[in-house]
Every structure is written in structure tokens, then in C-alpha cells.
Amino acid sequence: MSLLPCLPHHEQLLQTVCSTIGAFSKWIDAAPAELSILPPLVDILNKGMSTSEDTAAAASMAFKYICEDCRRKFSGSLDGLFQIYHIAISGVGGYKVSSEDSLHLVEALSAVITTLPPESASRALELICQPVINPLQELIQQGDQVLQQVPARHLTVHIDRLSSIFSNVKQPEVVAEAVYRYWPTLKSIFDQRAWDTRTMESICRSCKFAVRTCGRVMGMTIGAMLEEIQTLYQQHKQSCFLYLSSEVIKIFGSDPSCAGYLTNLIQILFSHTVQLLRTIQDFTARPDIADDCYLLASRCIRYCPDLFIPTEMFQRLVDCAMAGITIQHREACKSILSFLSDVIDLPNSSDGGQYRKVINTIILHRGATLTRIMIAALTGALPSGRLEEVSYVLLSLSRVFGENMLNWARESINLIPPQALTDAERLRFFNTISDAASGSGLHTITDRFGEISDVCRRNKTVQDLVQSALRPHDLTFTVVPQQM
């Protein structure tokens, strides 16, 4: 390491030297103090950032590694680190660091700030945020028209850096102060760019990391954030608002002081979503909305069931899920199936017994239709790659609803014509569901369902026969739920 500064600074060699410094960052941290090798190595990285894009990429990555692994050695040299950071982020001064590689420098400084005492960390965080926030504030000051027309990348390059800061500075109180300080800037971007998916995804990701890092010390800002996203979702239906809400539910779902905010949030987001997702065609057209909606619904079941399960909106989401089970989009389909599994399993969880009556009533009214859709999914309506998720829902239905489930399954299986299933295959199908109700494990049941699934998919003619008999896309739930 002590020989590296003596090497000539040819571009290719310099790139290799920078990568070597990064690779040995842990060794550098453990080196004896008397060697004093860190300052000259930082000088090499500084040179790498101004030589070429390739050397700048290697130097930025190495800078990240040594700041993460040697973070405590930098506490007395913050001025030099911030000078490097500001030059690189501002794009002036001869550095050739790309916007993507600049994120490594953001992570590097964030790691060092994490080690500082709160008072010093607060000032350091302000310094690291200034070259990120200032360009955004300058755009805002030019007026709403300019902010609405500027290309998304002119905003997201800065917002993504802010995301990295909020994610990597592990000082909740200090970050919460910064989020509160910069919220007016973020709100202006929310208000003027809510139509712009790329910008909204970037700013929601930034808020997500802020929520994740700060947790319940976010204070008043979280209320303002929730009001913002629920208002904008009604107008623009951006799926990232649902995703951000999932993170909020995870952190604040069990906080009684937030119950009012969260109840209102859940009602507004879900009521507008179910209006968008009425048929399988709606789900197919908006898989991102479907995915994030049911991720949020599952979070509500896990973290604030008391705010969600007793509501009429919960029943509507179950019906909505039934309409979308056979969506071909992998992640959206998995989210819907996971939601249904969570619903069925909740009464048997440690704290879920109080919801048994509500959930049993809902499923009993829908059981025959739900079972028919799930059997259709198993036998060809969904790709075979969904086999385990579908099997788990059928397994859960069998264990919880026993004889009722067997009757529902028998009705559905008997619809499949003899050209597709022989009597022996039909009996084996039914017995598999019966065994699931009796306690057979998921792995065994999945394997046996897989055999039936293969039989029903053995050629297109057979698969079409099965799906025509079960008609999963045509089924609608028409029974009016009982008042509970």
C-alpha cells in the first residue's frame, strides 16, 4: 500500500490502483496507525476521479469502501472529504464522476456521518444535503411552470442522492430533523409533478427510506406525508403511493397515536383502487397498482388488522382479489395470492382469533366461487410457476373450512369433463384436497397437485376444455355480504 503512491498515474494503471485500494479497505482500517497510509491513498482516489470516467468509477467505488470500513479514521478530516464530495456532486472542478457513480460518494459520506456525535452529525448532514437540495430549490423558485416542464432526470438525479442519504445515515433523530427541514421542498415536487411516474417513484423511494431510518421519531412530518399521498393518489393513481404507504403501515401500524391518520389513509387508498380493478382486464392493464395494492393490504393484516379487518373495505378487497387471481403478471399474482393466504391464516395466528367470525363469514359467502377460481388457476389459468402459491391457498382453505371446502372442491372438480380427467384422476384430485384438510404438508400436497396440473395441461385441447368448464374469468361475486 505504501508503494501505490509511487506508481505512475497512467489511466489504466490508475484504474487498477483505485480498485485495489477499494478491495483492501478492511486491511487499510486494520493497518498500524504509524503507517499513516490513508491520506496518500485518498489523494490517489482524488486523482482517479479527475482522470477519466473509468478511473472515476473505480475511484468512487473505492472511496465508498474505505469510508465504510475506515469511517472512524475520517472523523478528524471531514473538511477534506466534503471538499471532494462537493466538487464531485456539483459537476465542476474537473471531476469525471457520473451521476450513477456519485451515489457511491453519497454513501461514503453518509457512512462517516453515522459515526459522529448527534450535534456534529446534524451539521454534517446539512452539508451533505446542500448540493442535493439547492438545485431542487432553485428549480422551485423559478415557478410552477418551470417545475412542471423540466425533464424528470433533472429532478431524479438529486432526489436519488437524497434517498441514499436518508437510507445510509443511521441516526434517526438527525435524519428526522433533515426530513422536516426539507419537507416543503419535497412537497412542492409532489404537488407539481404528481402526474410524472418517474419523479414520483424517485421521491416516494426517498420518503420510504426516510420512514425506514427515522421510524417513529419522524413526528409531524409523517402526518403531512400521509395527507399528501392520499390526496394525490385520488387524482393520479400512482402505484408508488401505495408502496410508500406499505412502509408507513409497517412502521406506524401499531402506533395508537397514528390510528386516525392510518384509518383514513387505508379507506381512501383502497376505495379508489377497487374502482380501478373491477375485472381481470383491469388487473392486466394495471399490474403495478394490483401488486402494490395487495402488498399494502397484507401489511395492514400484519400490522394494523384492527383498523382494516372490521371495515367494509376489507370485504371489497377480498372480492377484488378474486377478480384478479388469474392475472398473468408474476409479482401482482403473488401479491394477490399472499393476501388471500394471509386472510385465511389470520384467525389461527397468535393474535388473530378475534377476527375469526368476520373472516369466516366473508369466506363462507365466497368459498364456492373462490375454490373454483383456485382450481382453475391450478389446472391452467395460471402458469405452472405459480403452483406453490396456489397450492398453499387451497391447503389453507382445506384446513380452515374442512367439510365446506370439500363440498366446494367436489362441485368444481365435477365440472371438468371426462375428456380431460378420468374418474380415477378426478378421485385422486379430490383425495388430495381431502388429505390437505387432514393435515398433509405443503410439499406433499404441492407435488400431488403438480401431477393433476400436468394432466390438465397435457395439451392445449385438454387445457381449453378444463378452463371452459371452470370459466374463472367469467365468475363474479353476486351475493350481498351480510352486515357484521
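What follows is a short walk through this predicted model, from its overall build to a few side chains. Local features are given where pLDDT is at least 70 and side-chain atom pairs where pLDDT is 80 or more, while totals for chains, interfaces and linings use all residues. Residues are numbered from 1 along each chain as its sequence is written, and side-chain values use heavy atoms, with hydrogens and water left out.

Let's begin with the whole. The protein has 24 helices and zero strands; helices (H or I, at least four residues) and strands (E, at least two) are DSSP runs, numbered from the N terminus. Along its principal axes, the C-alpha trace spans about 80 × 45 × 45 Å. Of the 484 residues, 53% are buried, where buried means under 20% relative accessible area, exposed over 50%, and partly exposed in between (1.4 Å probe, protein chains only). Contacts, meaning heavy atoms within 4.5 Å, reach along the chain too: among those between residues at least 6 apart in sequence, 75% join residues at least 24 apart.

The accessible surface comes to about 20900 Å², and carbon and sulfur atoms account for 50% of it; accessible areas come from the Shrake-Rupley method with a 1.4 Å probe, and for residues only the protein chains shown count as cover. There are 42 positive and 49 negative side chains, with the centres of the two sets 4 Å apart. Here Lys and Arg count as positive and Asp and Glu as negative, leaving out His and the chain ends, and the place of a charge is NZ of Lys, CZ of Arg, CG of Asp or CD of Glu.

The aromatic rings are worth a look next. Rings of Phe, Tyr and Trp (its six-membered ring) pair if their centres lie within 6.5 Å, with planes under 30 degrees apart counted as stacked, over 60 as edge-to-face and the rest as tilted. By this rule there are eight aromatic pairs. In one of them, the ring centres of Phe308 and Phe314 are 5.2 Å apart and the planes stand at 80 degrees, so the pair is edge-to-face. Phe308 is buried because its relative accessibility is 0%, and Phe314 is buried with a relative accessible area of 0%.
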